[in-house]
Amino acid sequence: MLRRDFLAVRSGLTEDDARKAAAVLADRALDLPELADARTVAAYVSMGSEPGTHALLDALHARGTRVLLPVLLPDNDLDWGAYDGPGSLVRVQHPGKIDLLEPSGARLGPDAVLAADAVLLPGLAVDARGMRLGRGGGSYDRVLSRLERAAAHPALVVLLYDSEVVAHLPEEAHDRPVHAVVAPSGARRFR
Ligand SMILES: Nc1nc2c(c(=O)[nH]1)N(C=O)[C@@H](CNc1ccc(C(=O)N[C@@H](CCC(=O)O)C(=O)O)cc1)CN2
Ligand SMILES: Nc1ncnc2c1ncn2[C@@H]1O[C@H](COP(=O)(O)OP(=O)(O)OP(=O)(O)O)[C@@H](O)[C@H]1O
């Protein structure tokens, strides 16, 4: 129900709202040292009404940051490929899912995310402790447990609209908090 409610608010945004938010989000995200100073960022290509990441991906790529993007696997785990500009993306239709833009180049394997200095995670909301509500596929839960197993500690950052930064979300035992959220009104870090 929570997921449905957050998605309903997103689907009510106009294209103009979304475009303006994406531009502000890219600036704010690039101001965050965790992203600005990263050599490798594992990010994703926003789809539909998700807070836009295109401007951010291009800015990171342009400044020489290595950007990794997810490739959805049949079991909902994620493989990774490098972002090499808008021409390096291909539209993919996974059964039952909205179309995703995925990297068309070499697959680097699920462990490629371990090289990231910062991971940008998609989410529908984050609470005051940094607990994140995802789409429910568990893809990023798996990324987080893979990072934990490898003792990798990249900065974990979520891009959201302002109304999606909330006081409290229900969590499950496997959920792990993120470090920061970037919203149009500003960034917020969690301890
Ligand atoms: N832009 C973006 N890329 C991403 C994610 C994401 O959340 N956003 N993912 C995050 O893990 C992975 C893909 N996971 C996805 C999970 C569900 C749906 C989807 O279309 N869900 C339907 C509902 C049907 C269902 O529950 O499967 C929907 O949201 O309308 C799409 C992608 C990797 N890439
Ligand atoms: N490390 C893991 N390995 C395999 N499955 C996992 C792992 N962690 C969580 N899951 C499973 O993934 C499913 C979705 O979990 P949850 O509802 O927390 O998704 P979410 O965090 O909202 O989604 P996402 O991680 O894709 O953003 C659950 O069935 C959960 O048991």
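1. Helices (H or I, at least four residues) and strands (E, at least two) are DSSP runs, numbered from the N terminus.

2. This is a predicted model, in which local features need pLDDT of at least 70 and side-chain atom pairs count only at pLDDT 80 or more, while totals for chains, interfaces and linings use all residues. Residues are numbered from 1 along each chain as its sequence is written, and chains are lettered from A and ligands numbered from 1 in the order in which they are written. The protein chain averages a pLDDT (the predictor's confidence in each residue, from 0 to 100) of 96, and 100% of the residues score at least 70. For the complex, the predictor gives an ipTM of 0.92 and a pTM of 0.96.

3. The buried residues of H5 are Ser139, Tyr140, Val143 and Leu144. Seen down the axis of H5, they fall within an arc of 135 degrees, so they line one face of the helix (the arc is that of the directions from the helix axis to the C-beta atoms). Their cover includes strand E3 (78-82) and strand E6 (118-121), contact being defined by C-beta atoms, placed from the backbone, within 7 Å. Just after H5, Ala151 takes a positive phi of about 55 degrees.

4. Ligand 1 is surrounded by 19 residues, of which the closest are Tyr44, Lys97, Ile98, Pro122 and Ser139 (near: C-beta atom, placed from the backbone, within 6 Å). Strand E2 (66-72) and helix H5 (139-149) are the elements that give two or more residues to this shell.

5. Not counting residues up to four places away in sequence, Ala42 touches Leu68, Trp80, Val113, Ala116, Val119 and Leu120.

6. Leu35, in helix H3 (residues 33-36), is buried, with 24 other C-beta atoms within 10 Å. Beyond residues up to four places away in sequence, Leu35 touches Ala29, Leu30, Val41, Ala118 and Val157. The C-alpha atoms of Leu35 and Val119 are separated by 8.7 Å, although these residues are 84 residues apart along the chain.

Note on methods:
Two residues are in contact if their C-beta atoms, placed from the backbone, lie within 7 Å. A residue is buried if 20 or more other C-beta atoms lie within 10 Å of its own, exposed if 12 or fewer, and partly exposed in between; C-beta atoms are placed from the backbone.
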